[in-house]
Amino acid sequence: MFVPLFRSLRYSRTTTTAASATAAAVRSRSCLTLLAGSSRPFHNAPACYAGHNKWSKVKHTKGKLDAKKSKLFSKLSLEIASAVRAAGNADPTVNAKLAAALSRAKAANMPKDNIDSATKKGLDKDKSTLEDVVYECYGPGGMAMIIECVTDKPTRTVKEVKEVLGRVGGSVSSVGWLFDKKGKVVFAAGESGHSFDQMMDAAIEAGAEDIEEGEEEDLVEVVCDFTQLSTVARALSEQYDVRHMGPAYLPQSTLDITDNEVQELVEKCLDDMEALDDVVKVHSNVSLP
């Protein structure tokens with residue numbers, strides 16, 4: 001049958017248009033299905049949601065900070081209870097050690113409930129077994145340590161100390177002869193607004209033997225004769241914010257550690273020892289690069 005050329009072209013265009021419309025409709029339905037929540041993914045790669053990984057990191061960091069703060073509060077509670085027990089009263093105006101511990105607790109934003117609980121523990125006659133103990137030890141590389149603790153069960157504490165030493169090749173042994181026992185007071189300007197030079201003059205007048213800027217900003221550390229510790233702390237507390245007072249074991253000479261493997265053991269030993277619940281302070285003669 002003869003078909004005119006123009007009719008053939010029109011038929012071809014009509015067929016193409018119909019096919020295009022059908023394909024468009026299929027694509028449209030596919031898009032609508034996907035938008036409506038089709039479970040079939042576009043590809044096999046896992047979906048990534050903005051901010052998910054960032055929140056995981058934030059949560060992990062926050063968890064570590066919370067754990068560190070909890071450990072600090074635990075050690076401050078021990079110091080408060082020990083200060084109350086030693087003096088037999090909870091009056092910071094006459095108990096210099098307690099006043100220093102309370103000042104540190106306040107600076108660390110320790111909750112009032114925690115402070116009250118620690119104070120009651122120190123006053124509780126049933127908790128009279130709470131005591132200050134000191135252990136002398138050798139650590140890795142010949143490092144000497146003096147460890148201050150506050151505990152109600154010395155047998156538990158010494159066991160934990162020995163376990164830390166056992167993991168790094170250390171032992172409990174007499175090392176006190178390697179240190180000079182002094183008194184140490186750490187204080188801040190507080191409301192006085194004094195400069196470091198003014199604080200230094202006041203410390204010298206109070207009986208300080210050595211003075212230096214503290215590890216934390218705006219703090220001053222004072223070393224004095226141990227027998228004069230209470231006198232020096234009380235004199236400084238009249239115009240400054242005393243954050244800490246207690247014994248300081250100063251090494252007569254320092255031990256330099258240069259071997260990398262020994263350095264790692266030394267750091268692990270110090271970290272693990274300070275992490276023990278009953279340990280308040282670790283003194284050592286080691287010097288790390």
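How many of the 289 residues of the protein count as buried? The share is 31%, where buried means under 20% relative accessible area, exposed means over 50%, and partly exposed lies in between (1.4 Å probe, protein chains only). Before we walk through the fold, a word on what you are looking at. This is a predicted model, in which local features need pLDDT of at least 70 and side-chain atom pairs count only at pLDDT 80 or more, while totals for chains, interfaces and linings use all residues. Residues are numbered from 1 along each chain as its sequence is written, and side-chain values use heavy atoms, with hydrogens and water left out.

Let us start with confidence. pLDDT is the predictor's confidence in each residue, from 0 to 100; its mean over the protein is 81, and 76% of the residues reach 70 or more. The protein has 8 helices and 10 strands, taken as DSSP runs and numbered from the N terminus (helices H or I, at least four residues; strands E, at least two). Where pLDDT is low, the predicted coordinates should not be read in detail. For the protein as a whole, residues 24 or more positions apart account for 69% of the contacts with a separation of 6 or more.

Now turn to strand 1 (131-138) and its partners. Two strands pair if DSSP finds at least two bridges between them. Strand 1 runs antiparallel to strand 2 (144-151), joined by 8 bridges, and Val133 stands opposite Cys149 in strand 2. The hairpin of these two strands has 5 residues between them, and there Gly141 takes a positive phi near 70 degrees. Strand 1 is also joined to strand 3 (171-172) by 2 bridges, again antiparallel; Tyr138 has Ser171 as its bridge partner.

Ser173 is partly exposed, with a relative accessible area of 29%. Not counting residues up to four places away in sequence, Ser173 touches Glu136, Cys137 and Tyr138. The C-alpha atoms of Ser173 and Glu136 are separated by 5.7 Å, although the two residues are 37 apart along the chain.

What covers the buried residues of helix 5? The cover includes strand 1, strand 2, strand 3 and helix 8 (260-275). Helix 5 itself holds 15 residues (154-168) and should span 21 Å at 1.5 Å a residue; its end C-alpha atoms are 22 Å apart, which agrees. The expected span is 1.5 Å times one less than the number of residues. Its buried residues are Thr157, Val161, Val164, Leu165 and Val168. They cover an arc of only 95 degrees around the axis, which puts them on the same side of helix 5; the arc is that of the directions from the helix axis to the C-beta atoms. On the other side, Thr155, Lys159 and Gly166 are exposed. Just after helix 5, Gly169 has a positive phi of about 80 degrees.

Our last stop is an open sheet of 4 strands, in the order 5-6-4-7 with antiparallel pairing. Strand 5 (210-213) and strand 7 (241-251) stand at the edges, each with a single partner strand, so one side of each is left without a neighbour in the sheet. From one strand to the next, the twist averages 25 degrees. Strand 4 (residues 179-188) and strand 7 are joined by 10 bridges, and Val186 stands opposite His244 in strand 7.

Helix 6 (residues 196-206) packs on this sheet, touching strand 4, strand 5 and strand 6 (219-224), and its direction makes about 155 degrees with that of strand 5. Such angles run from 0 to 180 degrees between N-to-C directions, with axes fitted to C-alpha atoms, for helices over the stretch in contact. The buried residues of helix 6 are Met199, Ala202, Ala203 and Ala206. They cover an arc of only 100 degrees, which puts them on the same side of helix 6. These buried residues pack against strand 4, strand 5, strand 6 and helix 7 (229-237). After helix 6 comes Gly207, whose phi is positive, near 120 degrees.

Conventions: Contact = heavy atoms within 4.5 Å.
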